Amino acid sequence: MIEDILKDIKHRMDQAVVHCQGELNKVRTGRANPEMFNSLTIDYYGSMTPLNQVATISVPEPRLITLTPYEKTLIPIIEKAIINANMGFMPGNNGTAVLIPIPPLSEERRQELNKFVHQLVEEGRISIRNVRRDGIHHLQEFGKDDHVSEDLIKDYEGDVQNFTDNHIKKLNTIQDEKEIEILEV
């Protein structure tokens, strides 16, 4: 039973890191990153469909993203969706694909994005700490209900703290990598 609690804690912390990484992938940097469009949906025959299901997303150059739809009639719809998403891009097309040039970031915008990244990562840290608090509460309740020794529960709480420290280190590493990507000229 304790193993199940620990497994659940670790899984929930892993999910917090994965979620944070996914949110950070959406943050636009000066580089072309096809993952920025993962959350974008378009109206495809009456249903909202993820962009990556109706077009091939590629990066032929460091500052250019190409979206090649499976149907040419989707080109204006994709362009409109990108403009409406307010991502700061001005798409164009060459008749067969939507071309999205990635403009370089101004210094002021880099600083804003850096603050936003710090905020996202801090939210991830808070999630991990909440999982830790909840997990320790479950361990203590389990210890009381099943008459497990306090020393054994303390040992397991130490394991939970190790999980917490490791996951926060992962978030810090992810944050450092994203900062380098943003501040890179």
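**Exercise 1. Are F37 and F89 buried or exposed?**

Before we start, a quick note: this is a predicted model, where local features need pLDDT of at least 70, side-chain atom pairs count only at pLDDT 80 or more, and totals for chains, interfaces and linings use all residues. Residues are numbered from 1 along each chain as its sequence is written, and side-chain values use heavy atoms, with hydrogens and water left out.

*Solution.* 
- Step 1: get the cut-offs. Buried means under 20% relative accessible area, exposed over 50%, and partly exposed in between (1.4 Å probe, protein chains only).
- Step 2: apply them. Both F37 and F89 come out as buried.

**Exercise 2. Describe the aromatic pairs of the structure.**

*Solution.* 
- Step 1: know the rule. Rings of Phe, Tyr and Trp (its six-membered ring) pair if their centres lie within 6.5 Å; planes under 30 degrees apart are stacked, over 60 edge-to-face, and the rest tilted.
- Step 2: count. There are 2 aromatic pairs.
- Step 3: take F37 and F89. Their pair is tilted, at 5.9 Å centre to centre with 40° between the planes.
- Step 4: Helices (H or I, at least four residues) and strands (E, at least two) are DSSP runs, numbered from the N terminus.
- Step 5: take Y44 and Y45. This pair is edge-to-face, 4.8 Å centre to centre and 65° between the planes. Y44 counts as partly exposed because its relative accessibility is 24%, while Y45, at 67%, counts as exposed.

**Exercise 3. Trace the salt bridges of R12 with D8 and D134.**

*Solution.* 
- Step 1: the rule. A salt bridge is a side-chain nitrogen of Lys or Arg within 4 Å of a carboxyl oxygen of Asp or Glu, and the count here comes to 8.
- Step 2: start with D8. Its side chain meets that of R12 at 3.4 Å, N to O. Both residues lie in helix α1, 4 residues apart, or about one turn of the helix.
- Step 3: go on to D134. Its closest N and O atoms with R12 are 2.9 Å apart. D134 lies in helix α3 (residues 107–145) and R12 in helix α1, so this bridge ties together parts 122 residues apart in sequence.
- Step 4: check accessibility. D8 at 36%, R12 at 29% and D134 at 25% each count as partly exposed.
- Step 5: D8, R12 and D134 are linked in a network of salt bridges.
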